[in-house]
Number of protein chains: 2
Amino acid sequence: MSARLLYLPLGGAGEIGMNCYVYGYGPLNDERYIVVDLGVTFPSMDGTPGVDLIFADISWLEERKDRIDGIFITHAHEDHVGAIGHLWPRLDAPVYARAFTAHLARLKFEEHGHDELQIKTVSRWPETVTCGPFTVGFAPISHSIPESSALVIDTPAGRILHSGDFKVDENPVVGEPFDREMFEEISKGGIKALVCDSTNVFNTNPGRSESEVIEPLAELIASLDGMVAATTFASNIARVKTLAEAGSKAGRSVVLLGRAMRRMITAAIETGIISDFPKTVSPENAADIPRENLMLLTTGSQGEYRAATAQLSRGKYLGLKMAEGDTMIFSSKTIPGNEVAIGRILNSFSEMGVETISGRDDIHVSGHANQPDLSLMHEIVKPQVVIPMHGEHRHLREHAKIAESNGYQSIVAPNGVGVDIGGNTPKISEYVETGRTYLDGSIQIGAMDGIVRDRIRMAMNGLVVATVIIEDDEPLGDCWCEVRGLPETGLSRAPLVDVLEEDVNQFLMRAKKKTLSDDDKLEDDMRRIIRKTTQEEVGKKPEVQIVISRLSS
Amino acid sequence: MSARLLYLPLGGAGEIGMNCYVYGYGPLNDERYIVVDLGVTFPSMDGTPGVDLIFADISWLEERKDRIDGIFITHAHEDHVGAIGHLWPRLDAPVYARAFTAHLARLKFEEHGHDELQIKTVSRWPETVTCGPFTVGFAPISHSIPESSALVIDTPAGRILHSGDFKVDENPVVGEPFDREMFEEISKGGIKALVCDSTNVFNTNPGRSESEVIEPLAELIASLDGMVAATTFASNIARVKTLAEAGSKAGRSVVLLGRAMRRMITAAIETGIISDFPKTVSPENAADIPRENLMLLTTGSQGEYRAATAQLSRGKYLGLKMAEGDTMIFSSKTIPGNEVAIGRILNSFSEMGVETISGRDDIHVSGHANQPDLSLMHEIVKPQVVIPMHGEHRHLREHAKIAESNGYQSIVAPNGVGVDIGGNTPKISEYVETGRTYLDGSIQIGAMDGIVRDRIRMAMNGLVVATVIIEDDEPLGDCWCEVRGLPETGLSRAPLVDVLEEDVNQFLMRAKKKTLSDDDKLEDDMRRIIRKTTQEEVGKKPEVQIVISRLSS
């Protein structure tokens with residue numbers, strides 16, 4: 001039986017986030033697999049209330065765990081590595097990453113009590129790791145976090161280049177510049193497939209270098225009086241360093257606020273990514289320094305409620321408090337969906353008299369390749385096929401169109417669509433059931449389990465709880481109703497619970513023995529009455545929980 | 001006692017939306033009032049799940065309803081007129097508006113069964129209406145809906161100009177151009193206060209004219225094959241007309257899809273705003289027309305789930321179905337907070353192979369004055385004070401800064417802050433309790449009533465219902481638990497309800513009579529056990545509803 005070369009996204013090809021890609025090689029039903037990235041995406045009140053984290057559903061992989069030869073992490077962003085602590089036990093294969101990424105992955109393993117030796121540090125290309133039929137190298141590529149890598153994946157059927165997240169930046173401030181010659185060299189023998197980041201495909205301008213924000217930020221910060229705070233992604237070590245240096249040069253003491261900020265800078269120093277970060281002071285010692293000599297670097301550029309930026313906008317955080325005349329800088333862009341949360345923070349600062357600077361193009365650049373950069377990448381690699389990844393459906397589709405207009409074959413393969421790229425033309429070879437897994441408290445639940453759906457229904461419709469005691473097929477006493485999340489009084493101006501109890505009690509008095517003796521029927525009838533009465537009284541059809549207690553004399 | 005001239009925002013000065021402003025004149029505690037606008041804002045799953053509409057809390061006004069001489073509506077956008085049907089009975093004062101606005105307000109009165117004669121149509125400035133100490137005129141001003149007006153409010157203490165929503169557009173396609181000379185004339189005798197729209201204060205470019213989108217839209221639509229659909233705010237009659245004419249010129253039959261689209265165009269024709277709208281065909285008749293000859297104009301440019309655009313993205317709508325090769329045009333911008341809903345629609349169309357065009361600056365212009373236009377307005381009116389309105393706190397603050405840099409006094413007065421503008425300097429004169437009222441089903445509830453809070457808590461934490469029967473201070477049988485919105489099994493791998501029932505039953509068996517005889521104590525103890533067990537089992541602290549039924553033998 002002939003071998004196939006399979007590309008199968010389980011996450012990341014249908015959203016920006018939650019990356020999880022599978023490559024397979026071998027005869028049908030006997031392929032060996034490697035997994036690229038195990039990321040998370042974040043829940044929202046709209047759609048996933050109460051959920052803590054969202055992962056790709058890896059059931060398909062788990063059923064084949066004995067055939068997984070390795071897990072490769074391209075870089076340390078949460079949407080690529082965030083699920084490793086939660087999902088690793090279900091896959092139980094060695095994890096490969098470069099030093100900085102491996103360092104942060106080990107912290108996650110430590111939190112979960114997994115064996116840290118399962119995480120192997122790999123040096124940069126041309127070093128490679130061989131896992132079953134795959135030989136994999138980490139080719140440095142510029143992005144907004146250190147040691148991001150494209151993966152060079154060699155198989156008996158040819159070479160794949162998996163771009164990871166990337167931008168074309170020849171001066172990324174921290175870490176390795178985009179190395180065109182290296183990618184040309186890698187591609188010289190022919191690339192079967194370029195599996196390629198699609199995040200910024202709709203931006204038609206050439207991408208800008210991280211180094212372009214240094215001057216504007218330095219000028220801005222030098223011009224400010226009062227306390228200055230700035231927020232950006234903690235993992236953007238280059239930006240954090242630029243901000244810290246600008247503050248330091250302006251005579252300010254630098255304070256890192258927020259767990260991620262301290263963890264990332266520590267990781268970057270411990271793994272040798274940076275050696276010359278300005279001296280920082282602790283929040284406690286900052287209290288003794290005049291406010292005009294302070295520069296806070298804070299987590300929470302996306303408006304996260306518990307992060308340092310949001311806490312400062314609500315008042316004191318670790319003894320520090322911003323006030324009239326101070327300035328808060330957002331050196332970041334707003335990820336769609338976070339506009340309202342960030343707006344709330346900007347308004348809170350406005351009420352305090354704190355100046356805010358946000359949405360300015362000169363003090364932020366994206367970490368992803370724009371449309372012209374994607375075309376450049378196609379041209380450098382000249383693959384047999386471009387497979388767009390890391391995007392919503394519209395990003396994948398647009399990227400495929402661009403690849404085709406550049407003269408390359410392309411295919412849109414959303415999550416769950418397996419593509420055989422072994423031949424000369426990519427072929428859809430299977431449809432795999434995929435979806436999302438929610439971390440809900442301490443339990444992993446399925447997105448389709450109905451648990452979160454029930455919570456959303458209670459939030460939309462409110463709840464009525466009705467209890468009745470039935471003794472020998474006769475109601476014993478009255479029905480009791482309680483309401484939650486519903487108006488207390490309705491159109492009749494009597495308490496809603498009273499109206500509900502009266503209607504249910506009247507029904508119970510008239511109900512036939514056949515109904516009273518049948519839990520299902522009794523429950524259905526009571527639910528119908530309760531929904532009808534609530535609709536009449538307050539215009540809502542609530543969720544209903546009926547509890548029937550049966551006694552026998 | 002000397003008379004005061006009061007400005008008091010109850011809504012709109014703290015958000016973009018939900019406009020409601022009060023002007024008062026007279027001696028303290030005996031002022032007469034007029035109300036400007038009674039608008040709504042829209043709920044979201046994040047913050048107000050299950051809520052239908054949001055209004056300003058008008059309790060303060062309601063307590064003084066015998067002193068309200070009139071309600072003036074500047075224009076027919078929902079955030080200015082949307083609450084009139086719901087709140088009018090609580091104020092019970094005559095409503096004044098221009099013909100188009102009055103027409104739409106009467107439809108709302110009709111739906112609510114109010115007396116339509118209470119809505120009086122007023123002609124444009126220099127016609128005026130006298131209400132108590134106020135004489136009010138509707139001065140036409142350009143915006144994104146016909147017959148928008150600034151209000152010229154004359155009082156014994158001087159003249160106020162209330163801008164309403166506006167832009168500076170000398171060629172608005174439909175309706176009256178911005179008339180600089182008229183506003184200079186109005187301002188000649190001196191303006192005490194310019195109360196001024198702040199929506200676009202952060203945009204530093206001069207505003208663009210509605211007429212600028214005609215050419216690009218015509219070119220775009222002429223270039224397309226297949227079925228074409230376009231969405232914009234239905235109330236933007238100029239845009240809808242531009243789109244319809246572009247479609248018609250390209251040989252397409254125009255179909256209006258969505259209730260608001262039909263109602264707005266009908267209102268515009270009936271009130272004489274437009275006379276030459278292209279002929280439309282009904283959705284039923286459209287089925288017989290080749291798809292490449294159709295142009296759909298659809299509601300739902302903000303991603304509203306039930307609107308025509310969203311329905312088309314999910315499949316058929318009134319017999320019409322978009323397909324590969326068709327194009328959906330968003331001639332609109334995304335209001336912050338709607339990014340995810342719109343993204344979902346774009347992705348659904350992408351999956352269907354339908355091209356989408358969105359986020360293009362050349363086919364949409366805003367209806368609000370940008371920063372340079374606001375400065376121009378200040379200069380035309382030369383008021384004693386600029387009072388920013390219609391904005392979040394940060395918009396009001398920025399607008400005040402700009403006014404001051406233009407050489408005018410300014411004051412930030414958020415909702416509930418009353419300002420006496422009678423003297424030479426504005427003075428904060430009172431703080432009024434304000435807030436939001438939710439229309440929840442058919443009932444108006446207070447934002448702080450705890451009803452929606454309880455719904456959010458159920459959505460975040462899930463719910464456990466526990467019932468126990470107590471007979472003569474002894475538990476009769478076992479406790480029953482039901483869970484909603486919680487994982488079915490937890491760490492111990494037994495059903496969560498079983499673990500809960502076991503723990504509660506053990507507690508009940510050991511409980512002292514003192515506890516069993518005291519409902520409050522019993523409930524507290526049971527709740528604590530249930531929360532603790534659920535936390536241990538699934539890592540969540542649920543909401544708990546306890547029902548204790550007491551029997552006596």
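Q: To begin, how many salt bridges are there between chain B and chain A?
A: There are 8 salt bridges between chain B and chain A. The term denotes a side-chain nitrogen of Lys or Arg within 4 Å of a carboxyl oxygen of Asp or Glu. One of them links Glu355(A) with Arg397(B), where the closest N and O atoms are 2.8 Å apart.

Q: Before going further, what are the ground rules here?
A: This is a predicted model, in which local features need pLDDT of at least 70 and side-chain atom pairs count only at pLDDT 80 or more, while totals for chains, interfaces and linings use all residues. Residues are numbered from 1 along each chain as its sequence is written, chains are lettered from A and ligands numbered from 1 in the order in which they are written, and side-chain values use heavy atoms, with hydrogens and water left out.

Q: Back to the two chains: how many residues are in contact?
A: On chain B, 63 residues are in contact with 62 residues of chain A; contact means heavy atoms within 4.5 Å.

Q: And what is the buried area?
A: About 5200 Å² is buried between chain B and chain A, and carbon and sulfur atoms give 59% of this area. Buried area is the accessible area (1.4 Å probe) that two parts lose on being put together, summed over both.

Q: New topic. What is the strand order in the open sheet of chain A?
A: Its 5 strands have the order E15-E16-E14-E17-E18, with parallel pairing. Strands (E, at least two residues) and helices (H or I, at least four) are DSSP runs, numbered from the N terminus, and two strands pair if DSSP finds at least two bridges between them.

Q: Why is one side of E15 and of E18 left without a neighbour?
A: Strands E15 (253–257) and E18 (355–357) of chain A stand at the edges of the sheet with a single partner strand each, so one side of each has no neighbour there. Neighbouring strands of this sheet are turned by 20° against each other on average, direction ignored. Axes are lines fitted to C-alpha atoms, for helices over the stretch in contact, and angles run from 0 to 180 degrees between N-to-C directions.

Q: What joins E17 to E18 in chain A?
A: Strand E17 (residues 327–330) of chain A runs parallel to E18(A), and 3 bridges join them. Met328(A) stands opposite Thr356(A) in E18(A).

Q: Last one: where is the cis peptide bond in chain A?
A: It joins Trp125(A) and Pro126(A), with omega about 15°. Pro126(A) lies in the loop between strand E8 (119–121) and strand E9 (128–131) of chain A.
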